[in-house]
Amino acid sequence: MDARSIREQFPILHQEVNGHPLVYLDSSATSHKPIKVLEAVDAYYRNDNSNVHRGVHTLGTRATDKYEGAREKVQRFINARSTKEVIFTRGTTTAINTVAHSYARANLEPGDEVIITPMEHHSNIIPWQQAVKATGATLKYFELNEDGTLNMEDVKKSIGPQTKIVALTHISNVLGTINPIKEIVELAHRQNAVVLVDGAQGAPHVKVDVQDIDCDFYCFSGHKMCGPTGIGVLYGKQELLENMEPVEFGGEMIDFVHLYDSTWKELPWKFEGGTPIIAGAIGLGAAIDFLTEIGMDKIEAHDQKLTAYAMERMSEIEGLTIYGPSKDKRSAVVTFNIDGVHPHDTATALDTEGIAVRAGHHCAQPLMRWLDVTATARASMYVYNTEDDIDKLVSGLAKTKEFFGNVF
Amino acid sequence: MSFNDLDTLYRQVIMDHYKHPRNRGKLEEDALVVDMNNPTCGDRIQLQIQVEDGKVKDAKFEGEGCSISMSSASMMTQAIKGKSVEDALRMSQLFSDMMLGKEIDPGSLEMGDVEALQGVAKFPARIKCATLAWKAMEQGVEKN
C-alpha cells in the first residue's frame, strides 16, 4: 500500500492549517473523503438527481439503480446473505436506536437482561437505558481487565438464560480495543440471546464478515470509512428483521395505506420511511469501492503498523500516559494524556502546529470514569496517515510539554 | 500560528490562576449552588454564590476542566465578589463581548485579571471553556 498515492486522492489533506501542513489525526471522529467519493456524490446531483422507487421517468430509474447498487456494494462488503439484510440509516446511532426501539421493546420483559460493556460509546449505552426503562428489563455491564480489554471470564459468567440482548462495540473508539466478538456471539447464542455489534470503528478498519461473526445486528456509519456524513447501515439477520416493526412511518415504507390501517413494504424498505439518503448511499458505495480496491487486509496491516509506531514513539515522551491495551490487541487509536496538562490545552497547542487531535470524553463518559480521568487526548489514524504524521505529532507533543512545563 | 501564539492565549496570569485557583472550595453558609458542565468536552463546575442585599457577598467554585475554564472561574469569582448583582451581570456581558473579539469599555467596573483572557477570542474552540463560569454565575443570580 502506497500511502503517498493514497494521500493524493484526498484533496483536503493538501492544505495548511495555522501556517503548517495539516496533520489530521482525528479519523475516529470522522474520516476524510477521497476524490472518488466526492465525484460520485457530485455526479449524482448533477446528472441523476431524482427520487427513488417512484418515478417512471429515466432519472428516477437511474437514481434508483445507483441507490440500490450501493446497497449491493454494502452487502458484498460485509458479506450479508442478501440485500434484504442491509438497511440504510442516518448512521450508527440511528441503526442502534432502530433495534433498541423495535426489537428490544417487543422482546424484553421484567427479569430479562441487556448486557453491554463499560467501553461503549454513548450511542450504544443510552438506547439500552431507555429500552430497559420502557420494558422493566435490567441493564448490566461486563467487566474490563486492567488493560482495557474485556474480561472474558466475566463475560462467560454473566451471559445466562435471562440474557436477551448483548450489545458491544467491535473496536473501542477510546482504547482501540478489538473485542473478540465472534467468541461473544457464540456464548450469547448458546443462551438464545441476540448480539448487536457497534461497528462504527470496526467497519472502517477491519474486514467484516457478518456471516462468519454470526452477529444478529451490525451497525456502522459511512463517514468514518471515507463516505459522506448522514449515511449508515443497519445489518440484521433476515428472520429477525422480518419480525420487527418499523420505527419510522411514512412514504417509501408502505405497501397499502387504508383509512385506519396500513401494511409495510418488504425488507429492507419497510425500515426506510421517507425519501432516503440517496446521495449519501451512493457516496458510501463509492467509499466501499475505494476501500475494496486497496484491500481491507492491507488497510488493517497499515493501521496496525502505524499504531505500533505511534505507541512506540509516544512512549518515548516522559510523563505521557497511553490508555488501553498493547499494540497487538488494538486498532488505530492512541488515547493519551500528558502529566499536568489538560487534554484541551494539549489539543489547542497541537492545533497551532496544524495537528488535529481530539480532546474530551469521546462520547464515552462511563469509560472516562473507569479510567479515572475527566478527559483525554486522542490521536486516531487511517489509510492516509504516514509515519511522518506521527513524527510531527511526537515533536508537537514534546513542544507542548515544554511549553506548559515552562508556564507553570 | 505557532507556539509563540500560544503565549497570547496562555498568559502567565492565566496559568497562575490555574495553578493557584482563588476561591476554590465550598461556602459553609447557605449559598446559591449552580452545577454546570460543558457536555462537548466534559468541563464541569459547581459555583456557589452568596447574595445579600443585592450584592455578591461571597463566591466559591469547585470543578474539573482545562486551564482556561478553571482559571476563568477563579478570575470570575474574584471579580464579582463585593459587586452588586447588576454589576456582576454587566461584567458577564462585557466578558461575552470580549470573547467575540469586541473592544470593551469596562468604565468604572474593575474587571481585574479577567481581561487577561482576551486572547481566547482568537481560539474559537476554547470560548466555551472561558464562558462556563460566567454562564453559571448568570444562572445562579437569576435563580435568586
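## Basis of the model

Residues are numbered from 1 along each chain as its sequence is written, while chains are lettered from A and ligands numbered from 1 in the order in which they are written. The model is predicted, with local features requiring pLDDT of at least 70 and side-chain atom pairs counting only at pLDDT 80 or more, whereas totals for chains, interfaces and linings use all residues.

## Overall form of chain A

Chain A contains 15 helices and 17 strands; these are DSSP runs, numbered from the N terminus, with helices (H or I) of at least four residues and strands (E) of at least two. Its C-alpha trace spans about 75 × 55 × 35 Å along the principal axes. The radius of gyration of chain A is 22 Å, which agrees with the value near 22 Å for a compact globule of 408 residues; the radius is taken over C-alpha atoms, and the globule rule is 2.2 Å times the number of residues to the power 0.38.

Of the 408 residues in chain A, 51% are buried. A residue is buried if 20 or more other C-beta atoms, placed from the backbone, lie within 10 Å of its own, exposed if 12 or fewer do, and partly exposed in between. Two residues are in contact if their C-beta atoms, placed from the backbone, lie within 7 Å. Among contacts in chain A between residues at least 6 apart in sequence, 71% join residues at least 24 apart.

## Two domains

Chain A is assigned domain 1 (3–25 + 295–407) and domain 2 (37–293), with bounds that come from an automatic or database domain assignment. Their C-alpha centres lie 29 Å apart. The contact between them takes 22 residues from domain 1 and 21 residues from domain 2.

On the domain 1 side, α12 (296–314), β14 (333–338) and α14 (365–371) of chain A each give two or more residues; the largest share, five residues, comes from α12(A). By class, this side of domain 1 has 11 nonpolar, five polar and six charged residues. Here Ala, Val, Leu, Ile, Met, Phe, Trp, Tyr, Cys and Pro count as nonpolar, Asp, Glu, Lys and Arg as charged, and the others, Gly among them, as polar.

## The nonpolar core

The largest nonpolar core has 153 residues, and those with the most contacts inside it are A:Val166, A:Val195, A:Leu196, A:Tyr218, A:Val233 and B:Ala133. Such a core is a set of buried Ala, Val, Leu, Ile, Met, Phe, Trp, Tyr and Cys residues joined through C-beta atoms within 7 Å. Helix α11 (residues 278–294) of chain A gives the most to this core, with 10 residues. Domain 1 and domain 2 of chain A each supply at least three residues to this core.

In chain B, residues up to four places away in sequence being left aside, B:Ala133 touches B:Ile45, B:Leu47, B:Phe61, B:Ser72, B:Ala73 and B:Met76.

## Strand β17 of chain A

Strand β17 (residues 376–380) of chain A has five of its five residues buried. Both faces are covered, with A:Thr376, A:Arg378 and A:Ser380 on one side and A:Ala377 and A:Ala379 on the other. In a regular strand the side chains alternate between the two faces of the sheet.

Strands pair if DSSP finds at least two bridges between them. β14(A) and β17(A) run antiparallel and are joined by four bridges, and A:Val334 stands opposite A:Ala379 in β17(A). β16(A) also pairs with β17(A) in the antiparallel sense, over three bridges; A:Arg358 has A:Arg378 of β17(A) as its bridge partner.

## The contact between chains A and B

The contact takes 19 residues from chain A and 20 residues from chain B. On the chain A side, α13 (343–351), β16 (358–360) and α15 (387–407) each give two or more residues, and α13(A) provides the largest share, four residues. The residues of this side divide into seven nonpolar, nine polar and three charged.

Helix α13 of chain A also holds A:Leu350, which is buried, with 23 other C-beta atoms within 10 Å. Not counting residues up to four places away in sequence, A:Leu350 touches A:Ile355, A:Val357, A:Gly396 and A:Thr400. In chain B, B:Cys129 is found in helix α5 (residues 127–143) and counts as buried, with 26 C-beta neighbours inside 10 Å. Beyond four places in sequence, the residues that B:Cys129 touches include A:His344, B:Asn38, B:Asp43 and B:Cys66.
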